[in-house]
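Please keep the structure open while working through them.

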Amino acid sequence: MSIFFTFLLFFTSVTPHKYLPIDRIPVWKSKNDPNIGPAFGQPEQIRLAYGGDESTYSVTWQTYDDTLKSIVEYGTDISDLKNSVEGRCAVFLDGQKHSVWRYIHRVNLTGLEPGTRYYYHVGSEHGWSPIFFFTALKEREGGGFIYAVYGDLGVENGRSLGTIQKMAQKGELDMVLHVGDFAYNMDESNGETGDEFFRQIEPISGYIPYMAAVGNHEYYNNFTHYVNRFTMPNSEHNLFYSYDLGPVHFIVFSTEFYFNLHLGYHQMENQFNWLTDDLKKANANRKEVPWIITQGHRPMYCSDFDGDDCTKYESIIRTGLPLTHGYALEKLFYEYGVDVELWAHEHSYERLWPVYNRTVFNGTQQPYVDPPAPVHIITGSAGCRENTDVFIEHPPPWSAIRSTDYGFGVMRVYNSTHLNFKQINVAQGGTEDDDFWVIKSSPKHHRPFKHRDLKILRTYGTHVPKHHCHHKSHCDETRKKRTRRHQNRDE
């Protein structure tokens, strides 16, 4: 049985969350020798995730051998972990020539009391982790939850890591929203870079939920490391999913389907149909959960110097596929009233004025009070080996605040009307690059944007024509002249 089982695993391991049979017989057990057990049974890389409601968490960890059991012991007394829950284990082989056998363990904790601190450890008789703790999510005094928001955090040069670790353990954060690009890259060195990344974030993810969105650096083998290493709610693949927490409906999706067309259009189509359905349901529930916040890695708008898709006036994320405009996200998010859109990818921080379809709402004294368009925030400077990005000298009119220093965002959604966002500058010792509020003065402003919003946007906003050039240095004719000068000089 063990030989057949090994053969089967090799050819099915890339299937997301393909759990091992409960009655399996690992190789070490098939030898029927009490002196032989798993060679590597010590759990590591412990990470929590929100399970979809305040009473449910998922716990994920890794071993390098099959321990047969996947157990979490927990309780409210560190000396008496009286509760025990058993989960399942899946083998992950990433498809490289010398794939490492990684055993990914998952356990769901249910019936948690919001606001209660729990102590826990994970493992089996073949090895236990240290004891961690978490406080089951409950709205803070004064309202809401506090989120660390960032993308593009790597194993090397992870400049924000220490500050976030400290804040998580001191109870200053409730959750992490990591908006794509992990480790740089999880598949490198036969997956060892991914292992090191999860060890580095364990002082965060062992204490608060670590919620993920996929980025371009996870592309290897159809995002296999991302799909197999994380456990996100309401999804078996983690690529797109949603959940409610307090007054917010979070929607997480993949921008990468738009840039990996060699994988086919079906992923993009499936996600777009799912987004449409999820937004319909979210709007039907807006009296209970008023805010809608999206998370996707590559932004629609930006003003970095690197020439990414978001620097183009006709970004594929914004306007969809060329010619047909199929699967365009800006129009979809506008029609269903998305309030805030969180992005990363650019290794910088940039806050936009409320904007829709090239019209920028920057002509009033309070543009973020009942804005007639979504608010975009790009925070991708947590720190990685690629350093930070440089901005163009003359930004397009939608750009409000910019910073090229290392840092991360801290967002607090206090209630149905007030959302605060700060960008913490770790390069400057924890100063704040930005601190602003998005305010919805009444529940009626949480709704799909309508014709009257467009009228307000056009009356008090700045429209950017299709062939507009916001500075002569970026005009097509200037670029052509500059290119010709370089060509003549090289000849």
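1. Terms and basis. Two strands are said to pair if DSSP finds at least two bridges between them. Strands (E, at least two residues) and helices (H or I, at least four residues) are DSSP runs, numbered from the N terminus. This is a predicted model, in which local features need pLDDT of at least 70 and side-chain atom pairs count only at pLDDT 80 or more, while totals for chains, interfaces and linings use all residues. Residues are numbered from 1 along each chain as its sequence is written, and side-chain values use heavy atoms, with hydrogens and water left out.

2. Strand 5 and its partner. How many bridges join strand 5 to strand 6? Five bridges connect strand 5 with strand 6 (residues 102-109), and the two run antiparallel. Within this pair, F92 is placed opposite R102 of strand 6, and R88 is placed opposite R106 of strand 6. Four of the five residues of strand 5 are buried, so the strand is mostly covered. Buried means under 20% relative accessible area, exposed means over 50%, and partly exposed lies in between (1.4 Å probe, protein chains only). In a regular strand the side chains alternate between the two faces of the sheet.

3. Contact means heavy atoms within 4.5 Å.

4. Residue S70. Is S70 buried or exposed? S70 has a relative accessible area of 2%, so this residue counts as buried. S70 is located in the loop between strand 2 and strand 3 (71-75). The side chains of S70 and H105 are joined by a polar contact of 2.6 Å. A polar contact is a pair of N or O atoms within 3.5 Å; within protein, one must be able to donate a hydrogen and the other to accept it, and residues adjacent in sequence count only if both atoms are side-chain atoms. Not counting residues up to four places away in sequence, S70 touches several residues, among them W61, R88, H105 and G123.

5. Residue N260. The loop between strand 16 (248-252) and helix 6 (266-284) holds N260. N260 counts as buried because its relative accessibility is 11%. The N260 side chain reaches the backbone oxygen of E256 at 2.8 Å. Leaving out residues up to four places away in sequence, N260 touches Y219 and F223.

6. Residue V390. V390 is exposed, with a relative accessible area of 56%. V390 belongs to the loop between strand 22 (375-379) and strand 23 (399-403). Apart from neighbours within four places in sequence, V390 is in contact with D304 and F305. V390 and D435 are 45 residues apart along the chain, and their C-alpha atoms are separated by 22 Å.

7. Strand 21 (residues 359-360) is joined to strand 27 by two bridges, and T359 has H463 as its bridge partner in strand 27.

8. Domains. The domain assignment of the protein chain gives domain 1 (16-137) and domain 2 (139-463); such bounds come from an automatic or database domain assignment. The C-alpha centres of the two domains lie 30 Å apart. Their contact takes 32 residues from domain 1 and 36 residues from domain 2.
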